Amino acid sequence: MPSPEGKPGQQKFGAKYKLIGKDYTTPDLYAKVTGKSKYAEDYRADGMLFCKLLLSPVPHGRVKHLDLSKALAMPGVKAILTQDDLPAPADSVTDLGVVIKANQQGEKALTMEPTYQGEPVLAVAAVDELTAAEAIEQINIQFEHLPFVVDPLDSLRPNGPNARTEGNVWVRQPAPPAKPGEKAPSPPPPQIGELKWTESDFAELKQGRLPMGKAQDEWSYGDVDAGLKNAALVLDETFVTPDSSHETLELRTTLAYWQNGKVFIHMGTQSTVQTLAGLGRWLNMDPNQIVLISEYTGGGFGSKATGYIFAIIPALLSKKANVPVMMRISREEEHFIGRARPGFQGRMKVGFSKDGKIAALDMFTICNNGPYDAVGDANASGRIVSLLYQPAAMRWRGVTVLTNTPPRGPQSAPGGMQGIVIMEPILAKAARQLSLDQVEIRKANAPQGKAPFGPEMDGKRGHCTSAFLKEAFDRGAEQFKWKERIARPKRSGTKVRGVGVSSSAFFAGSTGYDGLIVIRPDGRIAIQSGIGNLGTESISDVHRVVAEVLGVTWEKCDVIWGNTSQNLPWTCVSGGSQTTHAMTRAAHAVAMDAQKKLQEIAAKTYGGKPEQYEVANERVFRKGGGKSMTLAQAAQRAIQLGGIYDGHEAPEDVNKYTKASIAALAGQGLVAAAKDKYPHDGQTFSYVASFAEVEVDTETGMYDITDFLAVADVGTVIHPKALAGQVLGRSILGMGHAIGQKWVFDPQYGHTLSRRFYHTKPPTILDVPVNMQWAALDIPDPETPVGARGIGEPPVGGGCGAILNALSDALGDEIYRRAPVNLDTILTSLEAGRPMQDPLTAFI
Amino acid sequence: MGIIEWATSPLGQSVPIHIAWFLIWVALIAGMLFLVVHAIYIRYFAKEKEFVADASPKVAAQLPARIPRHSLAARLFHWIMAASMFVLLFTAFLPKVGVRFDWVTYHWIAGTVLTISIIFHIIHASFYLDFWSIWPDRADVEDAWKRFQRFRGESSALPRKFAKYPLENKLYHGAIIVTGMSVILTGVFMMSRVRTIFFPRNPYLFSDMTWGLMYVLHGLAGVGLITLVVVHVYFAIRPEKLPITASMIVGTMSREFYLKEHDPNRWVVEASPNVPRSMADGD
Amino acid sequence: MAVIRDIMPAFQLFQPSSIADAQKLLEQHGEDAWVMAGGLDSFDWLKDRIRKPKALVDLSGVEELRGVRTTADGIEIGAMTTLTEVVHHPVVKEKYGLLAQAAELVASPQIRNQGTLGGNVSQDARCWYYRAGWPCYRAGGNICYADTPVGRNREHAILHAERCVAVNPSDSAPALIALDAKFVIRTPKGERVVDAEDYFLGPDIDITQMNILQPGYLLTAIRIPSTWAGARFYFEKVRDRNVWDFPLLNVASAMMLSGDTIQNIRIAVNGAAARPLRLKAVEDSVRGKQRNAATGEMAGKLAVQGAVPLQFNAYKIPLMRNLVKRSISGVQEAAWAS
């Protein structure tokens, strides 16, 4: 058993709690470390077939000839699935009843007009994978070649190629006006349009600066031009951030079969409950007819927020062949279909006052989207920059360009990370030019309290729930011995060292979801968890709140998760770092509901008013002594009482999904269910102050990250070990973008060249600094009952930014103009005395 | 077994990449076979050459003892071309049959020499030599037909003697033009695929398919040249052709040989023995 | 016909238990046979379905091919000895530390546990165009996709490129060249022993092969003479990540000093060309000179003479210059107090 006290010297949390802020053994731990945990690929079903995918060899083309006869004639080949077998994309309805029209130009699971090399074209199901692979080699398929483009700037040029036949950008359509007395109609889905810049726009490119033509989206507040004009220092910098695969260790392997009209799907997904809607939309089926089994997920990082569209391939093949079908995905296939962070070509003009305050910030981003549905990175980048650096005036402009590269998706701090990575080297350079301390300049611009962010909406800017980033910097500077480190000599022998610090933040919470628990007649508490088990431990962490509030030991609690046939409550998407915040609220709400029901049951049983009873130590008892009952007895009594007590009646305000689960659980004990309706003023974010030291060998350009510290402002700490995993792990995810992770394409053929781990180079454990520390402020957020905010994504930007800043501290500002920064960049720039990298070409 | 090697291009298309290398042996054997068949034919079946009488003794008497046939420039061209051709063939095909050495540099340098020499030859032959002397004319065809009829034992008038070049020689030259120009034109483009001193490497001048066909043409013409060169060398060393071969070295042939094989009306040689006019052409 | 890069094709698997059996199998199957050592290179080719041998001869059961033996004149390392065994072998560590250093920097611990010394020196190029199954020169085609105006060639050759610009990715090879190792090869005509540097081929000589092994050949052992035992060694590998990465460049040197004078030296680099390069000119130029910074600088400059950068690998020129310099005059280590 891990010691609840943690390692010696480790920060202690949860002084006023029994369970919150303490380490514990999570319910999935033993299965994970002993290999008993079953991921989708570990399942087998009777008569199961295997399927293999035929991937497009062309970056953009149309199938002009397809002959399946030889493959179908092979013994062991059972079915082939093509685009023609897919259901039409279905509209979806939000929680609030708003219909979202299906995007007919969006991504399909299989396509006859592939728009990137590696896109699945068809799938073959056979008795084994060897037969399926050999069958694919017997398929005669020929493509008509269509124009393609991998670099957004090439597509924006006058007469540049378009990734899609219809154009190179998505154009949002306004909703038609509402008729009087009727609900506002939903806007039509976005359409693909064309955006081209002029030759004169591109003149900037020759100077190594990002051309800034017509933007698709823009917002601003304050007087940016005046701010820049009056600034003591104006920096105008262009920067390129890398495209990076999510590289989840569990591939998108899926098993599917049909029983009694229901489809059972085993897959890895970040969210359990929320994945059903996606599957229902892709299969054009009622989500009630889908059972999702996903007890363990080997990483998501945003790429499996609500599953993935390719899961329907084995489901439909299974329907066609009438036997279970397993689709195993290879690492190379995962590269194509497994999503990635979009790279940015960005430019910022930032005006500083003499004391380092940002007077004005003008930001322009080009986001490389891949061929399908638009990612929100561009817009998020502007919002996060506006929050984190609090410029007095700011303009953000963005273009999201379609390219014939694998589809992007949200990756840990989508957009926020890219915004931070473009901004941080500028801030570091400004501090050097203004002779200011790096920590101080960040503190001077840091958000505090209910700090504003983003554009004005209805004449007012939004604000955050709370921010204690300055405190994080103070704590970090002390723990990292910042002052001592900057005073030390920098150069010795061929080595130069440098220290860097970075601000970091991201969205960290949503509201309004449901909690559902059953106090069983044996006294145990079944906690129904609709959260996905994506490795963050939020799946059980948030429910510690239930035990804490009810005063029961954790050992009495059973967390039920990972299977949608097990009556789960309406739960948030495990993405956007919202789970800890959203679901501790729901857990708090349901615990309060249970407490209230226990008090009522006691009052009904022993007389008196419910308020005269108290719940603690696994009993309900009269305050000040007297009658009491165990939770087991209360559960038995709840079943006798029925109605709202045992789930035969459900609260009005919970989601209909929760209501169905309550109905199914009815009679099993005391059923408590509640929706999170706690007040919430502002948008929830979490913050990280990141510190790093690097040591560079100037003769080879190789460098080591020798020290790293991340101090998190995440509100109340729920589970220190899991928090450590997130703060450090996601910092490493960010470091990957600084030290080597990237995509490379061959522009002639539009093919991915970096297909394998040894090409994409995600960071390894030996790239991680030996001395890697974390700390948390543990200051509760005032806008949520438990005080906890999310942490998954906020550390990422800082993980990258601190390394980049440490490098420029060591080597100067004239080394890099893009990330990652590798030894080739360092060595050639040191040789030449100026940045030597091609400043703007994508994918080099 | 096809005569073309195919590969799958990055875009999934089946594209030719080069000829099948067994064609090297096919070409070599074809050349040898020709040699054997021809040698047997000459030894056992060929009849004595007969021609209509032509030049009057008067004309013959005016001829110099040595008839000028190939100018120095023409001879130099021939031997430079021959040398580069041998280098090209050996550097091209020896590595394919297992003799490993650094062949590409020699190959492109020899190719460059060949190309320059051919350009020289085209200009030289077009403007300074009797351009038409190497091209078959009506008389060649008529005489060939006569010879063919006589070979079959049919009655036919005697053919005339040859002009400067016999028909076979002219046809050979034609075959060399076709194969030579094929390897040269494709070869010049192929130089953009390797590092040379001429232009930056750019293998994307044409589509994969066009390049593939170009390599196949280069290869087919190349192995064709193996056969042609074997045949050429064979004729050069045949005893009855030695005077012609010698003339490619010294530039002249004896009056006797000239009068025996050539028609002074069709190959007019200046009478003055002192100042032989350059009338040569190269093959 | 469509292409799929997953699932090993079917083949006949042979698992001989002696060198003689292995050789017999190789002779029997000739060009249809594939020799597999640790499998780290082989499985890539097979699973990608780019190579489809009819017969796979797995050497993992041939005990004679394993282990490090001391001989009258040095040591003999069986070709199937794992890199981990090489790294930890006391004699290798003590006398031929250069090899131990090099082997320890190969890939990752897991790969070193499985990968063999014979496999490491015999591995194929890692050019990502070649490995994608594109019909390039090395694959028997007629083009180099890396050396084009738009080719992505950051990891490619700066020296001795001849149509193909791939590099040899072995870390142990330059160390073995510097130690003057001999490679023992069984051929159908009997045993052949070649100098380490002669084991490797450049594209000028054979564009489709990286070494001299022919069908029916088997690399059985690597002999390291005692000539350089205990000499002053230097090995450095430069890569993007600290583990599980092929070298961008590496350098190995063995030096004998008399006082500060370089009496004798052997230097080799890899990652610069399609074969590991022994730098004879550099060796000749520093022999008899003082081992100091000036000698190192001079050697570094000499080493990169004639280097031709591609669009994205110009950094390899100063890198090689610096590595060669360091391999002679050493590194000026940092002396931080903390």
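In chain A, the C-alpha centres of domain 2 and domain 3 lie 40 Å apart, where the domain bounds come from an automatic or database domain assignment. This is a predicted model, in which local features need pLDDT of at least 70 and side-chain atom pairs count only at pLDDT 80 or more, while totals for chains, interfaces and linings use all residues. Residues are numbered from 1 along each chain as its sequence is written, and chains are lettered from A in the order in which they are written.

| Domain of chain A | Residues |
|---|---|
| domain 1 | 42–146 + 254–327 |
| domain 2 | 224–244 + 340–509 + 682–832 |
| domain 3 | 512–675 |

The contact between domain 2 of chain A and domain 3 of chain A takes 21 residues from domain 2 and 16 residues from domain 3, with two residues in contact if their C-beta atoms, placed from the backbone, lie within 7 Å. On the side of domain 2 of chain A that touches domain 3, strand S24 (495–507) and helix H19 (720–739) each supply at least two residues; helices (H or I, at least four residues) and strands (E, at least two) are DSSP runs, numbered from the N terminus.

Chain C has twelve helices and twelve strands. Its radius of gyration, taken over C-alpha atoms, is 20 Å, close to the 20 Å that the globule rule (2.2 Å times the number of residues to the power 0.38) gives for 338 residues, so chain C is as compact as a globular protein of that length. Along the principal axes, the C-alpha atoms of chain C fill a box of roughly 60 × 55 × 45 Å.
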